[in-house]
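My entries follow in the order I looked things up.

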Amino acid sequence: MHVQLLVTHTDSCLPNIKRELDDAGINYCVDYIEENPELVASHHIRHSPNILINGSLIFRERPTKGELRTFFLG
């Protein structure tokens, strides 16, 4: 499973999302909106954060810890 955090350089919730994914044992990469205009255009992204899984946009806003655990761990 490829988990991609697509955020702005100034997104203040990034450390919290990273911690929650780390705590759940989920591997991820961080990419920046400013450096990926093709992803922004193809997914009609207007804000940060966004979480893509296997190339599909799953979360358009910061998910709660419970939402992350439910999605990834069932």
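I began with helix 3, residues 65–73. Helix 3 lies across strand 1, strand 3 and strand 4. I read its angle to strand 4 as about 135°.

Next I checked confidence, since this is a predicted model. The protein chain averages a pLDDT of 94, and 100% of the residues score at least 70. Among the elements, helix 3 has the lowest mean pLDDT, 88. Strand 2 has the highest, 98.

In what order do the 4 strands run? I found 2-1-3-4, in an open sheet with mixed pairing. Strand 2 (29–32) and strand 4 (56–59) are the edge strands, and each pairs on one side only. Neighbouring strands are turned by 35° against each other on average, direction ignored.

Helix 1, residues 14–23, also packs on the sheet. I noted that helix 1 touches strand 1, strand 2 and strand 3. Its direction makes about 170° with that of strand 1.

I followed the pairings one by one. Strand 1 (residues 3–7) and strand 3 (residues 50–53) pair in the antiparallel sense over 4 bridges. Leu 6 stands opposite Asn 50 in strand 3. Strand 3 also pairs with strand 4, again antiparallel, over 3 bridges. Strand 3 and strand 4 form a hairpin with 2 residues between them. I looked at the turn: Asn 54 has a positive phi of about 50°.

I stopped at Ile 51, which sits in strand 3. Its bridge partner in strand 4 is Phe 59. Is Ile 51 buried or exposed? I count Ile 51 as buried, because its relative accessibility is 1% and the cut-off is under 20%. I listed its contacts beyond four places in sequence. Among them are Val 3, Gln 4 and Leu 5. Ser 56, Leu 57, Ile 58 and Phe 59 are also touched by Ile 51. Ile 17 lies 34 residues away from Ile 51 along the chain, yet I read 9.9 Å between their C-alpha atoms.

The largest has 13 residues. Those with the most contacts inside it are Val 3, Leu 5, Ile 17, Leu 21, Ile 51, Leu 68 and Phe 72. Which elements each supply at least two residues? I found strand 1, helix 1, strand 3 and helix 3. Phe 72 touches Met 1, Val 3, Leu 21, Ile 26 and Ile 53, leaving out residues up to four places away. A second, separate core has 7 residues, including Leu 6, Leu 39, Val 40 and Ile 45.

Gln 4 counts as buried because its relative accessibility is 9%. What does its side chain contact? I found a polar contact with the side chain of Asp 31, at 2.7 Å. Beyond four places in sequence, Gln 4 touches Cys 29, Asp 31 and Leu 39, as well as Asn 50, Ile 51 and Leu 52.

Key
Residues are numbered from 1 along each chain as its sequence is written. This is a predicted model: local features need pLDDT of at least 70, side-chain atom pairs count only at pLDDT 80 or more; totals for chains, interfaces and linings use all residues. Side-chain values use heavy atoms; hydrogens and water are left out. Two strands pair if DSSP finds at least two bridges between them. Axes are lines fitted to C-alpha atoms, for helices over the stretch in contact, and angles run from 0 to 180 degrees between N-to-C directions. Contact means heavy atoms within 4.5 Å. pLDDT is the predictor's confidence in each residue, from 0 to 100. Buried means under 20% relative accessible area, exposed over 50%, partly exposed in between (1.4 Å probe, protein chains only). A polar contact is a pair of N or O atoms within 3.5 Å; within protein, one must be able to donate a hydrogen and the other to accept it, and residues adjacent in sequence count only if both atoms are side-chain atoms. A nonpolar core is a set of buried Ala, Val, Leu, Ile, Met, Phe, Trp, Tyr and Cys residues joined through side-chain atoms within 4.5 Å.
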